[in-house]
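Dear colleague,

I am passing on to you the structure we spoke about, with the sequence and the coordinates placed directly below. My notes on it follow, with the cut-offs given where each term comes up.

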Amino acid sequence: MMKKTIRAGIVGSGFSASFHFEAVQKVYGTNIEVVGVYSIDTEGGKAYARKRDIRFFDNLDALLDEVDVVHVCVPPVAHEPVSVAGLKRDKFVICEKPLTGYFGDGTEGFHGDRFPKQNALDAALASVEQILEAERQSKGRLLYAENWVYAPAIQKEREIIEKTGAQVLWIHAEEAHSGSHSREYAFWKFCGGGTLIGKGCHPLSAALYLKRVEGRSRDGVPIRPKTVSARTHAITRLENFRDEGHIRCNYHDIDDLAHMHVEFTDGTVADVFASDIVLGGIHNWLEVCANNHRAVCNINPNTSMQTYNPVEENFEDIYVVEKIGTKQGWAPTAPDEDWITGYPQEAEAFYQTIAYGQPAESDSLLAADSISTIYSAYVSAERKGTAVDVRTFEE
Ligand SMILES: NC(=O)c1ccc[n+]([C@@H]2O[C@H](COP(=O)([O-])OP(=O)(O)OC[C@H]3O[C@@H](n4cnc5c(N)ncnc54)[C@H](O)[C@@H]3O)[C@@H](O)[C@H]2O)c1
């Protein structure tokens, strides 16, 4: 079959815009022409474009004129407007996580600790609805860039569930490290919350995905979230937190430790942890306890390679693994971190959808369930863990 050619645009020129570009270079089933980038950071955007020999666009519409798909690699607060603009122009949209959220009331004094979380849930669901409605009216589709869905360990578990007809009884999973790099991350108004959404969305979405796979493969109907109970904490904002310089601790108004307990429509459960207070490099894992097997998916760290380095400086130019504090001694060195994280597989799959109409594993409904669960979890945390019903959107 002749490979189709798809024209792609990138929106944003920061961290995720870089790994999206890398992932697109590895796609083999579709020819992709990355036309250009639009970023509100003109200087950064021009530098990004120069380095990759693509064009810089100084407005979104001009980029949309020339492409079939846009990669939304901007902070969460801008996901809805950029995605809706793309869908309205009948473009495909690859949107980074989290899909959307609640970013405050715009007042100077807005503080994440001091507003009713029901407001956040209502506003986040309204924002999800805007995106879903734009998608319904569009010839394009929204593809949700949740790389955990495409991580090889999670896709292997999908195969096991599908082929063995497993009943998944309990999932526990975590994403944690010692603090995000982004300056905006300290503020609820830019990110829509703290670690519960920023990190929790990854293991949560993978758990929601696997239950969806289970239901679809056995009964033709996805199993979806029903209630959530949660606690959130701001450990590094405690007055008695003792900063030794290893854990980021300049957060303005967000949580840095969170736990969600999700009950599904079939009565089974998932426990999801998210935190910014864990040393030793990124800690991303998901464990499935099923009626016929058990699986531990180690996304990071894993033992595909381990190195011992007696002198820190020897590894000065060596990338070891995300967020590791030292390169001296034994380390779980990642020979190909992008691959184990699922970035190239995600890009390959999305371009199969865009070019050839393959159904997407990670779509807008999975993203919507994730947002609905997370903001219901914030309501629960405000009530010190009382279970809250999760509203799901129509299939
Ligand atoms: N899947 C993952 O593993 C992963 C990892 C990191 C970040 N992310 C997600 O990627 C998104 C971006 O995060 P990042 O780390 O790349 O942030 P970043 O700060 O490094 O980059 C954001 C870029 O967007 C630009 N920008 C901001 N608002 C814009 C707008 N309205 N229009 C156009 N450009 C705009 C900024 O100038 C900047 O270039 C977030 O949603 C984040 O959650 C995902």
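Helices (H or I, at least four residues) and strands (E, at least two) are DSSP runs, numbered from the N terminus. Please keep in mind that the model is predicted, so that local features need pLDDT of at least 70 and side-chain atom pairs count only at pLDDT 80 or more, while totals for chains, interfaces and linings use all residues. Residues are numbered from 1 along each chain as its sequence is written.

Asp 53, in the loop between α2 (42-52) and β3 (55-57), has a phi near 55°, which is a positive value in a residue other than glycine. To describe burial I count C-beta atoms placed from the backbone: a residue is buried if 20 or more other C-beta atoms lie within 10 Å of its own, exposed if 12 or fewer, and partly exposed in between. Asp 53 is exposed, because 7 other C-beta atoms lie within 10 Å. Lys 323, whose phi is near 65° and thus positive in a residue other than glycine, sits in the loop between β13 and β14 (329-331), and with 18 C-beta neighbours inside 10 Å it counts as partly exposed.

The two domains

The domain assignment of the protein chain gives domain 1 (5-145) and domain 2 (161-389), the bounds coming from an automatic or database domain assignment. Taken over C-alpha atoms, the centres of domain 1 and domain 2 are separated by 21 Å. In all, 44 residues of domain 1 are in contact with 39 residues of domain 2, contact meaning that the C-beta atoms of two residues, placed from the backbone, lie within 7 Å. On the side of domain 1 that touches domain 2, the elements giving two or more residues are α1, β5 (92-96), α5 (117-136) and β6 (142-145), and the largest share, 10 residues, comes from α5. The residues of that side divide into 28 nonpolar, eight polar and eight charged, where Ala, Val, Leu, Ile, Met, Phe, Trp, Tyr, Cys and Pro count as nonpolar, Asp, Glu, Lys and Arg as charged, and the others, Gly among them, as polar.

The ligand shell

Which residues are closest to the ligand? Of the 21 residues that surround the ligand, the closest are Gly 12, Gly 14, Phe 15, Ser 16 and Asp 41, a residue being near a molecule if its C-beta atom, placed from the backbone, lies within 6 Å of it. Helix α1 (residues 15-25) gives the most to this shell, with three residues, and the shell as a whole divides into 10 nonpolar, eight polar and three charged residues.

The seven-stranded sheet

An open sheet of seven strands has the order β12-β11-β7-β10-β9-β8-β15, with mixed pairing; two strands pair if DSSP finds at least two bridges between them. At the edges stand β12 (294-300) and β15 (388-389), each with a single partner strand, so one side of each is left without a neighbour in the sheet. Strand β7 (residues 168-176) pairs with β10 in the parallel sense over seven bridges, and the bridge partner of Trp 170 in β10 is Val 269. Seven bridges also join β9 to β10, which run antiparallel, with His 261 opposite Asp 271 in β10. These two strands, β9 and β10, form a hairpin with four residues between them, and Gly 267 in the turn has a positive phi of about 85°. Six of the seven residues of strand β10 (residues 269-275) are buried, so this strand is largely enclosed by the rest of the structure. Strand β8 (residues 225-233) and strand β9 (residues 257-264) pair in the antiparallel sense over eight bridges, Val 262 in β9 being the bridge partner of Val 228.

Helix α10

What follows α10? Gly 220 does, with a positive phi near 80°. As for burial, 14 of the 19 residues of α10 are buried, so the helix is largely enclosed by the rest of the structure.

With best regards
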